[in-house]
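Please read them with the coordinates open.

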Amino acid sequence: MSFKVLSVENFPSVEIHQFPSSVEETILWLNELDQLFIEGKPFVLVYPVFDPVKFMAIDEKVSQESRKKTILWLKSQRALFEEKCKGILLQLKPDGSDVDLVEGQRKQVETVYRVPAKILYPDQDQTTVVNDLLSQ
């Protein structure tokens, strides 16, 4: 399977190119996660830097439908997700100016996905943080 939403080039770091902004992209993202589960190896999901402008531009109905699809998928795939996804990294802007915003997101991500979520600070090495999460 060729990945369009996820990048597996630096596996076990699995990076989201751009967070899905449509129902179709959400379905594709979830299908790509299913494919990772089939591969069977643990990984860490790396979120892109949060872009509030793009987020606010998403139609509310689309956003709601995408969240619904994600929640339903999680209900059916929760055990596999918790087994295979060892954590989620949330990246900051290079200047770290969005740390408060991302900290709020981190708490929500942990609540929804039930795996550890960490902030990747600009001065941290991504590989080191990923390996830390994989070893927990």
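1. Contact here means heavy atoms within 4.5 Å. The model is a predicted one. With that cut-off, the residues of α1 that meet α3 are Val-23, Thr-26, Ile-27, Trp-29, Leu-30, Leu-33, Asp-34 and Phe-37. On the α3 side the residues are Val-62, Glu-65, Ser-66, Lys-69, Thr-70, Trp-73, Gln-77, Leu-80, Phe-81 and Lys-84. By type, the residues of this contact divide into ten nonpolar, four polar and four charged.

2. Two packed helices are described by the angle between their axes and the distance between the axes. For α1 and α3 the angle is about 5° and the axes lie 9 Å apart. Angles under 35 degrees count as roughly parallel, and α1 and α3 are therefore roughly parallel to each other.

3. With β1, strand β2 pairs in the antiparallel sense over two bridges; Leu-6 has Ile-16 of β2 as its bridge partner. With β3 (residues 43–47), strand β2 (residues 13–16) pairs in the parallel sense over three bridges. Here Ser-13 has Val-44 of β3 as its bridge partner.

4. Two backbone details deserve a look. β1 and β2 form a hairpin with five residues between them, and Pro-12 is found in that loop between β1 and β2. The peptide bond that joins Phe-11 and Pro-12 is cis, with omega about 20°. In the loop between α4 and β5 sits Arg-114. The phi of Arg-114 is near 60°, a positive value in a residue other than glycine.

5. Which residues are closest to the centre of the largest pocket? The volume of this pocket is about 950 Å³. Of the 31 residues that line the pocket, Phe-19, Tyr-47, Phe-50, Phe-55 and Gln-105 are the closest to its centre.

6. As for where the lining of the largest pocket comes from, α1 (23–39), α2 (52–57), α3, β4 and α4 (99–113) each supply at least two residues. The largest share is that of α4, with eight residues. The lining residues divide into 16 nonpolar, twelve polar and three charged.

Conventions
Residues are numbered from 1 along each chain as its sequence is written. This is a predicted model: local features need pLDDT of at least 70, side-chain atom pairs count only at pLDDT 80 or more; totals for chains, interfaces and linings use all residues. Side-chain values use heavy atoms; hydrogens and water are left out. Two strands pair if DSSP finds at least two bridges between them. Helices (H or I, at least four residues) and strands (E, at least two) are DSSP runs, numbered from the N terminus. On a 1 Å grid over the protein atoms alone, a cavity is a set of points where a 1.4 Å probe fits but cannot get out, and a pocket is an open set with protein on both sides within 12 Å along at least five of seven lines; lining residues have an atom within 4 Å of a point. Grid points are joined across faces, edges and corners, and a volume is the space filled by probe spheres set on the points. Ala, Val, Leu, Ile, Met, Phe, Trp, Tyr, Cys and Pro count as nonpolar, Asp, Glu, Lys and Arg as charged, and the others, Gly among them, as polar. Axes are lines fitted to C-alpha atoms, for helices over the stretch in contact, and angles run from 0 to 180 degrees between N-to-C directions. Angles under 35 degrees count as roughly parallel, over 145 as roughly antiparallel, 65 to 115 as roughly perpendicular and the rest as oblique.
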